[in-house]
Amino acid sequence: MSNWFQHRRKKLLSGLLLSAVLLLAACTKEAEPYTMEDFAKVEKIDAHVHAHADHPAFLEQALADNFRLFTINVDYPDFPPIEEQQRVAVKFLQEYPGRIAYSSTFHMAGWDDPAWQEQVIRHLDSAFAGGAIAVKVWKNIGMDFRDQAGNLVMIDDPKFDPIFAHLREKNILLVGHQGEPKNCWLPIEEMTVNNDKEYFKNHPQYHMYLHPEFPSYEDQMSARDRMLEKNQELRFMGAHLASLEWSVDELAKFLDRFPKAVVDLAARMGQVQYQSQRDREKVRSFFIKYQDRLLYATDLTHAPDSDPEQFKQEVHEKWLTDWKYLNTAEMMSAPEVDGEFEGLALPKKVIDKMYRINAEKIFPGAFAAR
Ligand SMILES: [Zn+2]
């Protein structure tokens, strides 16, 4: 073999070796999780917030942290009236096109009136015409609202059927928050996370353990499941991990049973951390297995009377802490959970789905303009 030939062969081999090394490095980098430095540059969606203040602070922070928002109107007496929530949402839609999408809702008032369903459908249609892409039903259905005969109205009540059929025809997403965290039905000392202990200690009127005359946790979950059985084709997002926040096993069963359903993580990260503190691998595997069905969300609420600068700070910190937990393997702590726990260090692909791709699929077109 001539020297020239040997030289060529050597060069070719080292070239191949270099390509292999570079390819391997690229693959390893792809498999590596994001870091804290990646937080600002990755495009993200918070799929459950309440932007009720007629002030740009929330949107400004979202722009700064590369977030788009899904704001949800709720029939909740502590929030501004539904009409005001809707006015603010529509205003943001016009001022920040492509940066925010919104879910409408409807009043339960007038339930006993024979024209109630028709009124609700009319109200919803005008909300869709104004840009709403979903409808929220809240826990007042099942836990608070009573008909004229004094009975609690549950979510599988046939009176809702024409409304849900209407959503199905229009391919509109239903966002459902039924029941409460399971802790609500447990004595304080058996509750898992500190925020629930605190809340139910201060609000005994909502602590269902003290009110056995009300429907049980299981009653709430089965009413919701019966509604979904009746409406197989309805697109559904279970808010707050579909109130199955206490067990990734139960949540997995729910997602298997209702293949069209997705769930958001809003205000339940503490419950996830509590479980991962006990079995990190199990929780991490759950996130990987159900990566197409989970939406990152916080439940951050911008109340009209809050201080805008303080709120921006709070929003930024919450988004950063969650990023740290889901992306890194650092040891960390949170006020909701006693003791330390390790971050999940989820793969980039899973993070991109949870933080953006799943939401873009579920709200098609809503975030088109960038
Ligand atoms: Zn909420």
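Start by selecting helix α3, residues 82–95: this helix lies across β1 (44–51), β2 (67–72) and β3 (100–105), and runs at about 160° to β3. Helices here are DSSP runs of H or I with at least four residues, strands are runs of E with at least two, and both are numbered from the N terminus. The angle is taken between N-to-C directions on a scale from 0 to 180 degrees, with axes fitted to C-alpha atoms, for helices over the stretch in contact.

A note on the model: residues are numbered from 1 along each chain as its sequence is written. The model is predicted, so local features need pLDDT of at least 70, side-chain atom pairs count only at pLDDT 80 or more, and totals for chains, interfaces and linings use all residues.

Next, colour the open sheet of nine strands, in the order β8-β7-β6-β5-β4-β3-β2-β1-β9, with parallel pairing. Its edge strands, β8 (294–295) and β9 (301–302), each pair on one side only. Two strands pair if DSSP finds at least two bridges between them.

Now zoom in on β6 (residues 236–238), joined to the parallel β7 by three bridges. Pick Gly-238 and you will find its bridge partner in β7, Val-263.

Last stop: Asp-264, in strand β7 (residues 261–264). Is Asp-264 buried or exposed? Asp-264 is buried, because 29 other C-beta atoms lie within 10 Å; the cut-off is 20 or more for buried and 12 or fewer for exposed, with partly exposed in between, using C-beta atoms placed from the backbone. Show Leu-295 too: its C-alpha atom is 4.6 Å from that of Asp-264, although the two are 31 residues apart along the chain. Beyond four places in sequence, the contacts of Asp-264 include Ala-47, His-48 and Met-237, a contact being C-beta atoms, placed from the backbone, within 7 Å.

Note on methods. Two residues are in contact if their C-beta atoms, placed from the backbone, lie within 7 Å.
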